[in-house]
Amino acid sequence: MDFDTIVNLSKSRGFVFPSSEIYGGLRSAYDYGPLGAALLRNVKEQWWRSMVKLRDDIVGIDSAIIQSPQVWEASGHLASFTDPLVECTNCNARHRLDKLEDQDQCPTCGKRGTFAAAKDFNLMFQTNMGPVATAENRVYLRPETAQGIFINFENVRRTSRMKLPFGIAQVGKSFRNEITPGQFVFRTREFEQMEMEFFVRPEEADEWFQYWVKERHSWYLDLGMTDENLRLREHESEELAHYAAGTFDVEFLFPWGWDELEGIANRTDFDLKQHTEHSGKDLRYFDAEANERFFPFVIEPAAGATRTTFAFLIDAYSDEDVSGETRTVLKLDHRLAPVKVAVLPLSKKPDLVEVTQRVAASLRERYDIEVDVTQSIGKRYRRQDEIGTPYCVTIDFDTLDDQQVTVRDRDSMAQDRVAIDQLDRYLAERLKV
Ligand code: ATP
């Protein structure tokens with residue numbers, strides 16, 4: 001499957017639209033349509049479920065996007081959250097130097113030796129708080145959700161009475177003024193992250209690091225991502241961020257090659273120490289039994305929600321040959337599928353529509369459903385396959401006599417005749433949601 005195919009499907013089926021499209025679009029941002037918003041929400045929900053809901057040792061927060069500028073001074077973002085920017089003296093195109101295949105050739109005009117010296121470009125978006133724009137009230141949109149967790153470490157520890165090892169999780173928007181956004185929603189200037197900071201005793205950091213690398217890799221596999229499209233890559237020492245003692249990336253095989261979905265890093269005690277130094281508040285952990293204070297180490301799995309959603313979409317896409325015709329189907333895990341059950345009356349005749357409404361009402365409480373009355377049944381099946389709906393329930397003229405419906409399975413295309421009063425049980429046995 002090529003890149004354009006998935007981009008076109010995303011637009012035509014209402015997963016993702018270019019932001020501000022009626023004004024010509026804004027290349028660095030996208031809007032999620034009804035199906036895309038549902039898929040993105042399901043990805044975030046699955047992350048939250050595995051990280052927070054099913055665990056005793058992790059709690060969730062939702063911190064502000066705009067924080068004190070001192071946060072970014074302490075974290076090092078003001079000084080060093082930069083990418084190397086080069087500008088071509090021939091065509092004026094700007095590029096991120098470390099992402100260029102050939103660092104001496106401009107990919108826009110093809111000329112060699114035209115780059116001026118690289119500059120460090122800070123990726124944080126700036127704005128001003130209050131009515132007057134001055135340097136004193138300059139603030140930043142957060143470039144990661146992690147710092148919102150570190151600055152609340154003590155608040156959360158105290159109020160939730162957490163003991164080491166424990167984690168704090170957060171899902172939300174982050175903003176980076178990327179030099180070259182692109183590849184659809186893979187790299188945007190506004191995006192969503194799913195991050196968790198796991199605080200441990202320094203001597204246990206290695207063990208927990210290995211644990212989280214394994215755990216996070218399994219999360220993608222458990223949600224149906226193809227093993228061959230997923231790999232773990234350890235950072236070389238020169239690649240490591242200044243605060244990290246070790247990092248693994250979870251990478252996905254995108255249409256353009258392997259690229260990052262998530263980084264799992266051992267951030268050591270860097271962040272809590274920095275915030276202690278800059279705020280003057282002691283963020284050390286007090287171990288009552290040993291009667292000692294120390295800075296915990298932090299293991300951080302940091303994933304992109306929007307980027308991961310895109311990867312699930314690509315991974316699920318398949319074209320199959322069905323009796324000489326191509327069937328496009330999104331083989332999404334049931335938990336991720338935006339619509340779980342489609343209810344389709346064979347015709348718009350009032351008798352059938354009435355039964356359709358009744359069946360739909362009985363399923364709506366439990367599942368995300370869609371009622372579709374347009375076009376031929378073949379076309380409607382095709383549309384549901386393309387958006388990854390696991391089951392279609394068809395109401396036909398026989399239904400009026402025998403009170404049975406036809407249930408079609410997305411993957412096998414097998415059809416079963418099921419009594420309406422057994423439908424709930426039939427679906428509950430098959431839908432893994
Ligand atoms: P890159 O090197 O690709 O710029 P990064 O290594 O700086 O990314 P992190 O700071 O580790 O990324 O962020 C954690 C996760 O957040 C990434 O693995 C990715 O999934 C997501 N992410 C980061 N930047 C973007 C972006 N501009 N658009 C979409 N998702 C992003």
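View 1. Strand S19 (residues 341-345) and strand S21 (residues 391-395) pair in the parallel sense, with five bridges between them. To count as paired, two strands need at least two bridges found by DSSP. Helices (H or I, at least four residues) and strands (E, at least two) are DSSP runs, numbered from the N terminus. What we're looking at is a predicted model: local features need pLDDT of at least 70, side-chain atom pairs count only at pLDDT 80 or more, and totals for chains, interfaces and linings use all residues. Residues are numbered from 1 along each chain as its sequence is written, and side-chain values use heavy atoms, with hydrogens and water left out. Look for Val-341, which stands opposite Tyr-391 in S21. The whole sheet is open and mixed, with its five strands in the order S20-S19-S21-S22-S23. At its edges sit strand S20 (369-371) and strand S23 (415-419), each pairing on one side only.

View 2. Helix H10 (residues 350-364) touches S19, S20 and S21; contact means heavy atoms within 4.5 Å. The direction of H10 makes about 165° with that of S19. Such angles run from 0 to 180 degrees between N-to-C directions, using lines fitted to C-alpha atoms, for helices over the stretch in contact. Helix H11 (residues 377-387) touches S19, S20, S21, strand S22 (404-409) and S23, and its direction makes about 170° with that of S19.

**View 3. Seven strands make another open sheet.** Follow them in the order S3-S9-S10-S16-S13-S12-S11, again with mixed pairing. Strand S3 (58-61) and strand S11 (230-234) each have a single partner strand, so one side of each is left without a neighbour in the sheet. From one strand to the next, the twist averages 25°. S11 and strand S12 (residues 246-254) run antiparallel, joined by five bridges. Here Arg-231 stands opposite Glu-251 in S12. Helix H6 (residues 153-160) packs on this sheet too, touching S3, strand S9 (166-175) and strand S10 (190-200).

**View 4. Two Phe rings meet edge-to-face.** The structure holds 24 aromatic pairs. Rings of Phe, Tyr and Trp (its six-membered ring) pair if their centres lie within 6.5 Å; planes under 30 degrees apart count as stacked, over 60 as edge-to-face and the rest as tilted. For Phe-3 and Phe-310, the centres are 6.5 Å apart and the planes at 75°, so this pair is edge-to-face. Phe-3 belongs to helix H1 (residues 3-12) and Phe-310 to helix H9, so the pair ties together parts that are 307 residues apart in sequence.

**View 5. The largest cavity has helix H9 in its lining.** A cavity is a set of points on a 1 Å grid over the protein atoms alone where a 1.4 Å probe fits but cannot get out; lining residues have an atom within 4 Å of a point. One cavity of 30 Å³ or more turns up in a search of the whole structure. The largest cavity holds about 40 Å³ of space, a volume being the space filled by probe spheres set on the points. Its lining includes Val-16, Tyr-32, Val-185 and Phe-310. Helix H9 (residues 305-316) gives the largest share of that lining, four residues.

Technical notes: On a 1 Å grid over the protein atoms alone, a cavity is a set of points where a 1.4 Å probe fits but cannot get out, and a pocket is an open set with protein on both sides within 12 Å along at least five of seven lines; lining residues have an atom within 4 Å of a point.
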